Amino acid sequence: MADISAIFFILLLIGIAFPAMLTALWLLFPALISRAQTRVEKTPMQTFWMGLVLIVAVTIPIIILLALPFGPAKFFGWILLGASLAISSIGSAGIAAHLGARLSKHTSVTPLSGFIRGTVILELAAFFPLIGWLFVWIPALIVAFGATGFALLNWLPREKTQISSTATSIAQA
């Protein structure tokens, strides 16, 4: 019975700590999270593919380091794994900010309240058994890696320019 209680309270603490961590990132690094949010909002497919490339690029050295029969190599493999997941939380905060902004459009909540609600929605959707694990958590992790990559590189999506009607009429003449 004590094991069940311990597992329950560990999951409860993680459930409380995740929104708190993302909120702290949102408050500490607003420009970085805003860039990640912009990428998630404007170019989700490019963000997904960038995340997939980054995950493959990080996974290969991690697997190699963890497979080596040398203690310090395994240690650096675990450090690289932890660091990459910690840095990807920037993209997770961008996803939560996007969900919070969409939620704020339909209700009269403050941006902080919308962000926290977006974080909780993302967390609860990812905790849903099987469907959330496969169809929410994995794509969200890939998009988070891509949004983090774009945000850290400061690559914003291009603004679409509108061609004026006079320019098109001149081009047609």
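Predicted model: local features only at pLDDT ≥ 70, side-chain atom pairs only at ≥ 80, totals over all residues.
**Notebook: helices and a buried serine**

Leaving aside its neighbours within four places in sequence, I found Ser-89 in contact with Met-21, Leu-22 and Leu-25. I then looked up where Ser-89 sits, and its place is in helix α5. Is Ser-89 buried or exposed? Its relative accessible area is 8%, so Ser-89 counts as buried, the cut-off being under 20%.

Next I turned to helix α1, residues 2-28. Which residues of α1 are buried? I noted Gly-15, Pro-19, Leu-22, Thr-23 and Leu-25. I also asked what covers them, and the cover includes α2 (30-42), α5 (89-106) and α6 (111-127).

My last stop was a pair of helices, α3 (residues 44-67) and α4 (residues 71-87). Their axes come within 7 Å and cross at roughly 150°. Angles over 145 degrees count as roughly antiparallel, so that is how α3 and α4 run to each other. I wrote down the crossing as left-handed.

Which residues meet there? From α3 I listed Val-58, Pro-61, Ile-62, Leu-65, Leu-66 and Ala-67. From α4 I listed Ala-73, Lys-74, Phe-76, Gly-77, Trp-78, Leu-80, Leu-81 and Ser-84. Sorted by class, this contact of α3 with α4 has 11 nonpolar, 2 polar and 1 charged residues.

Technical notes. Residues numbered from 1 in each chain as written. Heavy atoms only, no water. Helix = DSSP H or I, 4+ residues; strand = E, 2+ residues; numbered from the N terminus. Expected span 1.5 Å × (residues − 1). Buried < 20%, exposed > 50% of the residue type's maximum accessible area, 1.4 Å probe, protein only. Contact = heavy atoms within 4.5 Å. Axes fitted to C-alpha atoms, helices over the stretch in contact; angles between N-to-C directions. Parallel < 35°, antiparallel > 145°, perpendicular 65-115°, else oblique. Left-handed = near helix turned anticlockwise from the far one by under 90°. Nonpolar A, V, L, I, M, F, W, Y, C, P; charged D, E, K, R; others polar.
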